Amino acid sequence: ASAQALMARQLPFLRGFALGQVCHFVQIAISKRKLLGYVDGGIVPYVHSISMAKSLCAQQQCPLPAVSGPTDDTDRAGLPVADWDVAR
């Protein structure tokens, strides 16, 4: 859907590329380059994405803050940070 939206804008720098190629560009921007990410199923700049929030929390070894809206069934706010000894 994102590639289709980009193609619909008829951007000059995408002229001559097929839809499949633009899909590939978007996928690389998400998975390899970390230029784009996801929030609530939509594609956003990486700095605003859940992936960046998770990465920062992992680096700082802190729990991911609770987010409003639909995510998953786990209640992160009530879980303590565990080290390997506690996790075993």
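This is a predicted model: local features need pLDDT of at least 70, side-chain atom pairs count only at pLDDT 80 or more; totals for chains, interfaces and linings use all residues.
Colleague: How many helices and how many strands does the protein have?
Modeller: Read along the sequence, the elements follow the pattern α-α-β-β-α-α. The secondary structure therefore comes to a total that can be read off that pattern, given that helices and strands are runs assigned by DSSP. The count is four helices and two strands.

Colleague: Which helix has the highest mean pLDDT among the elements?
Modeller: The protein as a whole averages a pLDDT of 83, and 81% of the residues score at least 70. Among the elements, the lowest mean, 72, belongs to helix α4, residues 84–87. The highest mean is 96, and it belongs to residues 19–31, which are helix α2.

Colleague: In what sense do strands β1 and β2 pair, and over how many bridges?
Modeller: Strand β1 covers residues 36–39 and strand β2 covers residues 42–45. Leu-36 has Pro-45 as its bridge partner in β2, and Tyr-38 has Ile-43. The sense is antiparallel, over four bridges.

Colleague: Which residue in the turn of the hairpin has a positive phi?
Modeller: β1 and β2 form a hairpin with two residues between them. The phi in question is about 50 degrees. The residue is Asp-40.

Colleague: Is Ser-49 buried or exposed?
Modeller: Ser-49 sits in the loop between β2 and α3. Leaving aside residues up to four places away in sequence, Ser-49 touches Gly-37, Tyr-38, Val-39 and Val-44. Its relative accessible area is 4%, and the cut-off for this class is under 20%, so Ser-49 is buried.

Colleague: Which backbone nitrogen does the side chain of Ser-49 reach?
Modeller: The side chain of Ser-49 reaches the backbone oxygen of Tyr-46 at 2.7 Å. It also reaches a backbone nitrogen, at 3.2 Å. That nitrogen belongs to Met-52.

Colleague: What is the phi of Lys-34?
Modeller: Lys-34 lies in the loop between α2 and β1. Lys-34 counts as partly exposed, because its relative accessibility is 45%. Its phi is positive in a residue other than glycine, near 55 degrees.

Colleague: Where is Gln-61, and is it buried or exposed?
Modeller: Gln-61 is in the loop between α3, residues 50–60, and α4. Gln-61 is not a glycine, yet it has a positive phi of about 50 degrees. Its relative accessibility is 65%, and the cut-off is over 50%, so Gln-61 counts as exposed.

Colleague: What distance separates the C-alpha atoms of Gln-61 and Asp-83?
Modeller: Gln-61 and Asp-83 are 22 residues apart along the chain. The separation of their C-alpha atoms is 9.5 Å.

Colleague: How many disulfides does a search of the whole structure find?
Modeller: A disulfide needs two cysteine sulfur atoms within 2.5 Å. For Cys-57, the nearest cysteine sulfur is that of Cys-62, 3.6 Å away, and Cys-57 is in no disulfide. The search of the whole structure finds zero.

Colleague: Is Cys-57 buried or exposed?
Modeller: Cys-23 has a relative accessible area of 39% and is partly exposed. Cys-57 has a relative accessibility of 10%, which is why it counts as buried.

Colleague: What share of the accessible surface belongs to carbon and sulfur atoms?
Modeller: Buried residues make up 12% of the 88 residues in the protein. The accessible surface comes to about 7100 Å². The share that belongs to carbon and sulfur atoms is 58%.

Key. Residues are numbered from 1 along each chain as its sequence is written. Side-chain values use heavy atoms; hydrogens and water are left out. Buried means under 20% relative accessible area, exposed over 50%, partly exposed in between (1.4 Å probe, protein chains only). pLDDT is the predictor's confidence in each residue, from 0 to 100. Accessible areas come from the Shrake-Rupley method with a 1.4 Å probe; for residues, only the protein chains shown count as cover. Two strands pair if DSSP finds at least two bridges between them. A polar contact is a pair of N or O atoms within 3.5 Å; within protein, one must be able to donate a hydrogen and the other to accept it, and residues adjacent in sequence count only if both atoms are side-chain atoms. Contact means heavy atoms within 4.5 Å.
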